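Please prepare a briefing on the structure shown below, with the cut-offs behind each term stated where the term comes up.

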Amino acid sequence: MKFITVAGPPSSGKTSVIIRALEHLKAQGQRAGVVKFDCVSTLDKARYTTSGIPVKVGLSGHICPDHFFVSNLFQCHQWGRQQGFDFLFTESAGLCNRCAPHIRNILAVCVIDNLSGMNTPWKIGPMLRLADLVVIAKSDLVSQAEKEVFLFRTKQVNPRGAIIHVNGLTGQGSAELASLFFKAKEVASVNETKLRSSMPAAVCSYCLGQTTISDQFQMGNIKRMDLSEGNEGVQGEGR
Amino acid sequence: MTRDIATLPAGDVFGTYPGIDDFFESIDLPRPAENITMLEYAAFLDEEILEDKGLMRSQLIRDFKDFVTGLQKMADPGETAIQSITITAGRDKSGQPEETGFTLQPGDVVSVVGPTGSGKSRLLADIEWMAQGDTQTGRSVLINGESVDTQWRYSSEQRFVAQLSQNMNFIVDLSVKEFIAMHAEARGVKDVNALVYRVIDTANTIAGEPIFAETGVTALSGGQSRALMIADTALVGHSPIVLIDEIENAGIDRRKALELLVKKLKVVLVATHDPVLALMADKRIVLKNGGIRKVLETTPEEKENLRVLQCLDGAVVSIRNAIRDARTIETPFQEILRDSCGGAPFEQAIVKQLSSGRKADPGKRWKGNT
């Protein structure tokens, strides 16, 4: 079974792009399933189901979404194998942009969109920087100039990855994306595979459900901003 | 063998590649001091900063080197001069072989016509993707008669195709001047300011209403936006091939817009449903059921008919504008037509046609299959 991680900011077009590409895989007799990771709720289950794509949903709730992803990866991979899929995709929204679900030796895809603004590539972090394949969506909606600048900035952040434009509405570029999915490696097991970047967490009292805002109720790993004169408020940067 | 860029003092690297500022800004890292090398910089970076950014030292150095390589490529893209682009015949939606392929040269304008769903977007997509027999149509795109290295599909410096689609908008909140400058900088242009004003002046030759440098791009009208995008594509963009999805007949001089792209030796493909735009092209590609059904050269007779058609079209535009302007449409139609024919009576255009010795040749009537 080929295994592919897809990540991207919320509403960047991940689901549309995957559905479009899966139409092409299906047309070639391939069976594909998706595990959708989200935080609080998701409407994408219905979209996949309507498109005839088997889907499982994982909601992280009160757990850090990236940690939730990692701790469920093994079961998800097993589910895909039991179903006899040729392809299994995980879809997750990088919510704080600090971490990425990308795994070494497993095709890593990042979906970003032109409407999110010209500085977005600079803001996303490892999810974009460590991807093998960057899909830029919604490029039919912006001027060629913005498209080129956005592409340029994406390339600045991820100089090695392949970058393609896919239109989730018309499907332009989706056949090409599917052909790249075909080149993904077979992944027999995710056991002992390694993340491409670390996923630290600040375990503090608020992680554990504290809601009162007060010095007295803050415990554990706390980081404070420096708002003194001549400082930008960025802690620990030595500026 | 040049020296490893990571072992040079930062001051020297910044001197050679001013664009390197973006590297540090994009990760939000402080700029290194002039006298330290990137290797030293990475080695001395605080562990906590690396942790915060999810970075590793080795990776930071590798990314830095890649970034510099990118800047070098930008300065010298080693562009392949395009003498021709050929689309070989593939198959239609039913798997039937296409009638024909076609070849285009710089400065060619072709229209792509056919009913909705006939495969216009697919054809443009094949060209954008530089299909090599690996798309559903089985077409191949050849540059200068040769197949294309598929690696080019992913390179940002060597994109062959600029696309102007119908529902494009400006998203950024910048003035016209800042906007063009941003694009020019990303393109590694030397004299940004001069180019910015050239683009604006050029856009003004094709826009109906004047465009000012200080206006916000999001405040431009549809026609102004379109004019600015076309001028920008012609003058700032490097892509030798321009795909246009319809140019609305409002607020923009379509003939001049196409001339501008031709002058810049672009290969222009326009997908359209508008007969005027279709006949303005030298050639038209007719699609049916996902396949190329015919490639027709625009004949001198068609060009003559186009002139009459443009008069009629101009009349429709002026009536539309009058309605928008709260004017009434009581001017005798002859006069409206005369204005839209550049002052010459419309009858003259017709009469010229009728007296041109062109007989109603039955063979030339609605030539082609029905």
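In chain B, strand β7 (residues 241-245) and strand β8 (residues 267-271) pair in the parallel sense over five bridges, where strands are DSSP E runs of at least two residues and helices are DSSP H or I runs of at least four, both numbered from the N terminus, and two strands pair if DSSP finds at least two bridges between them. This is a predicted model, in which local features need pLDDT of at least 70 and side-chain atom pairs count only at pLDDT 80 or more, while totals for chains, interfaces and linings use all residues. Residues are numbered from 1 along each chain as its sequence is written, and chains are lettered from A and ligands numbered from 1 in the order in which they are written.

**The sheet around β7(B)**

- Within β8(B), Val270(B) is the bridge partner of Ile244(B), and the chain passes from β7(B) through helix α10 (residues 254-263) of chain B to β8(B) in a right-handed β-α-β crossover, a label that applies if, with the strands pointing away from the viewer, the path from the first strand over the helix to the second runs clockwise.
- Strand β6 (residues 161-164) of chain B also pairs with β7(B) in the parallel sense, over four bridges, and Ala162(B) stands opposite Val242(B) in β7(B).
- Four of the five residues of β7(B) are buried, a residue being buried if 20 or more other C-beta atoms, placed from the backbone, lie within 10 Å of its own, exposed if 12 or fewer do, and partly exposed in between.
- The open sheet has six strands in the order β6-β7-β8-β3-β9-β10 (chain B), with mixed pairing; β6 and β10 (291-297) of chain B stand at its edges with a single partner strand each, so one side of each has no neighbour in the sheet.
- Neighbouring strands of this sheet are turned against each other by 20° on average, direction ignored, and α10(B) lies across β3 (109-113), β7 and β8 of chain B, running at about 150° to β8(B); axes are lines fitted to C-alpha atoms, for helices over the stretch in contact, and angles run from 0 to 180 degrees between N-to-C directions.

**Chain B and the nonpolar cores**

- Chain B has 14 helices and 10 strands, and 34% of its 370 residues count as buried.
- The largest nonpolar core holds 123 residues, of which Val109(A), Val135(A) and Ala231(B) touch the most other members; such a core is a set of buried Ala, Val, Leu, Ile, Met, Phe, Trp, Tyr and Cys residues joined through C-beta atoms within 7 Å.
- Helix α9 (residues 222-235) of chain B gives the most to this core, with seven residues.
- Neighbours within four places in sequence aside, Ala231(B) is in contact (C-beta atoms, placed from the backbone, within 7 Å) with Val199(B), Thr202(B), Ala203(B), Ile206(B) and Leu260(B).

**A buried loop residue**

- Ala131(B) lies in the loop between α6 (120-129) and β4 (141-143) of chain B, and Ala131(B) is buried, with 26 other C-beta atoms within 10 Å.
- The C-alpha atoms of Ala131(B) and Val141(B) are separated by 5.6 Å, although the two are 10 residues apart along the chain.

**The contact between the chains**

- The contact takes 40 residues from chain A and 41 residues from chain B, and α6(A) gives the most to the side of chain A that touches chain B, with 10 residues.

Methods:
Contact = placed C-beta atoms within 7 Å.
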